[in-house]
Amino acid sequence: MAMRRLLLLLPVFLVLAGQMEHCGEARPQVPALMVFGDSLVDVGNNDYILTVAKANAPPYGRDFKDHVATGRFSNGKLLSDIIGEKVGFNGSPPAYLDPQASGKNLLLGANFASAGAGYYDPTTFILHVISLSQQLENFKDYTAKLEVEAGSRQAQSIISNSLYIISAGSADFANYYINPLLFTTRTADQFSDLLIGIFNNTVTQLYGTGARRIGVFSLPPLGCFPLAITVFGLGSNKCVPRLNNDSERYNMKFNAVVASLSKQHSDLKIVILDINKPLYSLSTSPEAQGFSKARRACCGTGLLEFGVFLCNTNSIGTFSNATTYVFWDSVHPSEAANEVIVDSFTNDINQLVI
């Protein structure tokens, strides 16, 4: 009798085994990944435009796959790469301006980010990079190509079920602190209100195209970047309180707007991916998480250098091991720090993709 039952169940076991073998690797949790913003997530769009904001030469990328400088502002993976891995992809989708962002690759999404970009369009005028508003236009262009590649029904399914990442605000405040036309006419709080209004409009536009899963980065602790301490620290080796206070007040307002957007659209999953707390912790107590240096970055003197014009193979003092450095250059985290930051909000990412 028992043998007969086993024989009856055998076809079921064979089907299940075949399915397991067919599945092989786990499929991504979302059909595609769409990335917008700045240098924290730009995987190389600036390589294809006329700007000084580039990271397409060594020592950038020295710890990335094949030790290639792809345009990522780090020694290795960016936050966008690690988030992509977390949800089942090989990393970030290709930069939208990269020829690889074509054909079947479009089905997996695209990265529209541009180092130096912000919510405030005039921020991009300084370095001649791709503004967030232009990134949204590029996204519209992408959706048209996606429809051609996949058909309108599948394209809309990809758009509505994909994970969207937005990283902006840091370049805006960098512009604010050095631009007398801004800091003499607006308080930091007033400038925050301006940025958050643009952010609200950005999410509304994405929602209008069908986006329903959006993760947005908080503003990092601006006063803890080595460059900020060098320029605004008045000789101190500690984070600049004024700048960090501006970040915190911005983030409080940011939280309120995100909560409001969530209430307005019941079918919208929108979550703040907090990079402020983990980066502040790494910057003020690096040893507690296995790092040794936070005041100085790995490249050159570690106090001022960023971008290939300052952080390059001729930069005297560049350290061979970046794994114990919180910052790769004076304003960008190392790959090791990026891993810690993403690990800190993995649960928030899971909320978006389940």
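This is a predicted model: local features need pLDDT of at least 70, side-chain atom pairs count only at pLDDT 80 or more; totals for chains, interfaces and linings use all residues.
Salt bridges were examined across the model. Side chains of opposite charge can pair when their charged atoms come close. The count comes to 12 salt bridges. One of the pairs joins lysine 86 and aspartate 343, with 2.8 Å from N to O. Lysine 86 belongs to helix 2 (residues 79–86), and aspartate 343 belongs to helix 12 (residues 335–344). The pair therefore ties together parts that are 257 residues apart in sequence. Lysine 86 is partly exposed, at 32% relative accessibility. Aspartate 343 is also partly exposed, and its relative accessible area is 45%.

A further salt bridge links aspartate 189 to arginine 249, at 3.0 Å from N to O. Aspartate 189 sits in helix 8 (residues 188–209) and arginine 249 in helix 10 (residues 241–264), so this pair ties together parts that are 60 residues apart in sequence. Aspartate 189 is partly exposed, with a relative accessible area of 29%. For arginine 249 the value is 34%, which again counts as partly exposed.

Arginine 62 and aspartate 63 form another salt bridge, and their closest N and O atoms are 3.7 Å apart. The cut-off for a salt bridge is within 4 Å, so this pair qualifies. Aspartate 63 is partly exposed, at 38% relative accessibility.

Helix packing was considered next. Two packed helices are described by the angle between their axes and the distance between the axes. Helix 4 (residues 132–150) packs against helix 8 at an angle of about 5°. Their axes are 11 Å apart. The angle makes helix 4 roughly parallel to helix 8. Helix 4 contributes Leu132, Leu136, Phe139 and Lys140 to the contact. Helix 8 meets them with Thr202, Gln205, Leu206 and Thr209. By class, this contact holds four nonpolar, three polar and one charged residues.

Helix 12, which holds aspartate 343, also has buried residues. These are Glu335, Ala337, Asn338, Ile341 and Val342. They cover an arc of only 155° around the axis, so they lie on the same side of helix 12. An α-helix has 3.6 residues a turn, so residues three or four places apart point the same way. The cover over the buried residues of helix 12 includes helix 2, helix 11 (276–284), strand 7 (332–333) and helix 13 (346–353). Helix 2 is also where lysine 86 lies, the partner of aspartate 343.

Several loop residues complete the description. The loop between strand 1 (33–37) and helix 2 contains proline 59. A cis peptide bond joins proline 58 and proline 59, with omega at about 5°. Aspartate 66 is found in the loop between strand 1 and helix 2. Its phi is near 60°, a positive value in a residue other than glycine. Aspartate 66 is exposed, with a relative accessible area of 60%. Histidine 67 lies in the loop between strand 1 and helix 2 as well. The phi of histidine 67 is also positive, near 55°. Histidine 67 is exposed, at 61% relative accessible area.

Leucine 234 occupies the loop between helix 9 (226–232) and helix 10. This leucine counts as exposed, at 85% relative accessibility. Leucine 234 and leucine 181 are 53 residues apart along the chain, and their C-alpha atoms are separated by 23 Å.

Methods
Residues are numbered from 1 along each chain as its sequence is written. Side-chain values use heavy atoms; hydrogens and water are left out. A salt bridge is a side-chain nitrogen of Lys or Arg within 4 Å of a carboxyl oxygen of Asp or Glu. Buried means under 20% relative accessible area, exposed over 50%, partly exposed in between (1.4 Å probe, protein chains only). Helices (H or I, at least four residues) and strands (E, at least two) are DSSP runs, numbered from the N terminus. Axes are lines fitted to C-alpha atoms, for helices over the stretch in contact, and angles run from 0 to 180 degrees between N-to-C directions. Angles under 35 degrees count as roughly parallel, over 145 as roughly antiparallel, 65 to 115 as roughly perpendicular and the rest as oblique. Contact means heavy atoms within 4.5 Å. Ala, Val, Leu, Ile, Met, Phe, Trp, Tyr, Cys and Pro count as nonpolar, Asp, Glu, Lys and Arg as charged, and the others, Gly among them, as polar. The arc is that of the directions from the helix axis to the C-beta atoms.
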